[in-house]
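Hi,

Here is the structure I said I would pass on.

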Amino acid sequence: MSRKSLLINRSGLTHKVGYALRHPGRITPYVKRSTRDAWLRLKHPGHVAYYRAVMASDAARNPEAAVGSRSHERWLALGEMQFNYLAEHGLAPGHRMLDIGCGNLRAGWRFIAYLDTGNYYGIDISPDILISAKQTLTTYELQDKLPHLTITQDLKLEFLPSAHFDVVHAHSVFSHSPLDVIDECLAHVGRILAPGGFFDFTFDRTEGAEHQVLREDFYYRTETLLQLARKHGLEARFMDDWEKRPHGQSKIRVNNPA
Ligand SMILES: C[S@@+](CC[C@H](N)C(=O)[O-])C[C@H]1O[C@@H](n2cnc3c(N)ncnc32)[C@H](O)[C@@H]1O
């Protein structure tokens, strides 16, 4: 990520006008998306209900695009990137893993294939994307691995056992989350982490003003999220080497202090 792109405020009028002049072909899709989103926000005032409706609308068109992949090749590549990074940074077949916002198993099918039977637990707020996740599971013939795929309304995680998960993962989830949703997750994730376990999450990073676009994309300063984790008694660090991967987001790792 260039220093310049880290300072952009995408919600600002100057940025929007400049962007529209540089990409005139994107004006009509943007206007359509903002109109749809304004309608969905009116119908669903809470963030989770609103974002669930966004996912329903996007997944009805194309589930791979709904999780952010322009093409099937990108869907495969993004899943592989997540898997390779975690496999190189501590994931082992015997681990129990919770994948928050598992989507349609873009990376999840690789985790399921790699982990021992029953050790993958995926949760998501969107029933539509979980239906697509089951299709992915079938496509890759991973039924025997018996993963758990569960709908959730919030990130209190109260239905999960204490000190259970070695790895908790949330890829491209906090990039779509207001701060109170991230705060809720960080307030509760420590309880379900096994001793020595860790929680990796990605986020859209800014080094300028924190901002959001259409209540769909949220940009945070690294320090905001590190401090939030520390407020909940967790250790947190920025994962520098993730920056070398061809991905627009940044990554933080959170640990329960021993
Ligand atoms: C961009 S997709 C990424 C999916 C998957 N992690 C991947 O990388 O392929 C974001 C997913 O997070 C889910 N999501 C958004 N907010 C969530 C929340 N607060 N709790 C759980 N899932 C959430 C969405 O429904 C969607 O499936």
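The ligand first: 24 residues sit around it, and those that come nearest are G101, G103, R106, S126 and S172. Keep in mind that this is a predicted model. By class, the shell around the ligand splits into 13 nonpolar, 9 polar and 2 charged residues. Which elements each supply at least two residues of that shell? They are α4, covering 47-61, and β2, covering 120-124. Of the elements, α4 gives the most, with 3 residues.

Now the chain as a whole. You'll find 10 helices and 9 strands in it. The C-alpha trace spans about 50 × 40 × 35 Å along its principal axes. The radius of gyration is 18 Å, which agrees with a compact globule, because a globule of 258 residues would come out near 18 Å. As for burial, 36% of the 258 residues count as buried. If you take the contacts with a separation of 6 or more, 68% of them are between residues 24 or more positions apart.

Two packed helices are described by the angle between their axes and the distance between the axes. Here the axes come within 9 Å and cross at roughly 35 degrees, and the crossing of α9 past α10 is right-handed. On the α9 side the contact is made by I182, D183 and L186, and on the α10 side by L225, L228 and A229. Sorted by class, that contact has 5 nonpolar residues, no polar ones and 1 charged.

P147 is in the loop between α8 (127-139) and β3 (148-151). Is P147 buried or exposed? It has 25 other C-beta atoms within 10 Å, so P147 is buried. Setting aside neighbours within four places in sequence, its contacts are I112, Y120, G122 and L137.

S250 belongs to strand β9, which runs over residues 250-255. This serine counts as buried because it has 22 C-beta neighbours inside 10 Å. Beyond its neighbours within four places in sequence, S250 is in contact with T202, F203, R205, T222, F238, W242 and E243. One of these, F238, is 12 residues from S250 along the chain, with 8.0 Å between the C-alpha atoms.

E158 is in the loop between β3 and β4, the latter covering 165-170.

Cheers

Methods: Residues numbered from 1 in each chain as written. Predicted model: local features only at pLDDT ≥ 70, side-chain atom pairs only at ≥ 80, totals over all residues. Near = placed C-beta within 6 Å. Helix = DSSP H or I, 4+ residues; strand = E, 2+ residues; numbered from the N terminus. Nonpolar A, V, L, I, M, F, W, Y, C, P; charged D, E, K, R; others polar. Rg over C-alpha atoms; globule rule 2.2 N^0.38 Å. Buried ≥ 20, exposed ≤ 12 C-beta atoms within 10 Å, placed from the backbone. Contact = placed C-beta atoms within 7 Å. Axes fitted to C-alpha atoms, helices over the stretch in contact; angles between N-to-C directions. Left-handed = near helix turned anticlockwise from the far one by under 90°.
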